[in-house]
Amino acid sequence: MNYPMILLCKCMKVSKSGYYYFKDKPISKRSRQNDELLLHIIEAFKESKRTYGSPRIYRVLRKKGIKTSLNRVARIMKKYGIYPEYSLRHKKSKLSKNYEGTTSNVLDREFKANEPNQKWVSDTTFISTKQGWLYLATIIDLYSRKVIGWSMSSSNNTGLVLKALEM
């Protein structure tokens, strides 16, 4: 008598014939297709740096010529726990309690200029690259709405903005 198999059937609450049917049953065509699709989904997910959800993964697969549906991609991603990682990059930053060296709001939300070089505004942003974060500072003339100076650096500091201003 095969005791381990009997114990397995009792634990799983299945009959012996049902167990052997499942064990000897060939893998279905649909299961093989789903396994192949899973590999493509994982590849596209890794290429997106783990940020794409099912709609974007679906579009990537369609561009590669893989015929599938959005719901199928979503179902497979959910089954295998493939979820995008959301970044906190757009979280509002806290204002510094050290206001020393700041100036008053000169523009007072009046973003129209009547002549060139009358009003300039500046902003900095950051971009994710393979080497790390890259910071970009721009200076824009509010009359023409064109960038008149810009600078890039690996650190976000006063020198970054000063280089953009010198440009």
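How many salt bridges does a search of the whole structure find? The search finds three, a salt bridge being a side-chain nitrogen of Lys or Arg within 4 Å of a carboxyl oxygen of Asp or Glu.

## Basis of the report

This is a predicted model, in which local features need pLDDT of at least 70 and side-chain atom pairs count only at pLDDT 80 or more, while totals for chains, interfaces and linings use all residues. Residues are numbered from 1 along each chain as its sequence is written, and side-chain values use heavy atoms, with hydrogens and water left out.

## Salt bridges of Lys-64

Glu-43 and Lys-64 form a salt bridge whose closest N and O atoms are 3.3 Å apart. This pair links distant parts of the chain, 21 residues apart: Glu-43 lies in helix α3 (residues 29-47), and Lys-64 lies in the loop between α4 (54-63) and α5 (70-79). Helices (H or I, at least four residues) and strands (E, at least two) are DSSP runs, numbered from the N terminus.

Lys-64 also meets Glu-47 in a salt bridge, at 3.8 Å from N to O. Glu-47 is in helix α3, 17 residues apart from Lys-64.

## The Glu-85 and Arg-50 pair

In the salt bridge between Glu-85 and Arg-50, the closest N and O atoms are 3.1 Å apart. Glu-85 belongs to the loop between α5 and β1 (120-129), and Arg-50 to the loop between α3 and α4, 35 residues apart.

## Exposure

Glu-47 is exposed, at 52% relative accessible area. Glu-85 is partly exposed at 48%, and Arg-50 is partly exposed at 39%. Buried means under 20% relative accessible area, exposed over 50%, and partly exposed in between (1.4 Å probe, protein chains only).
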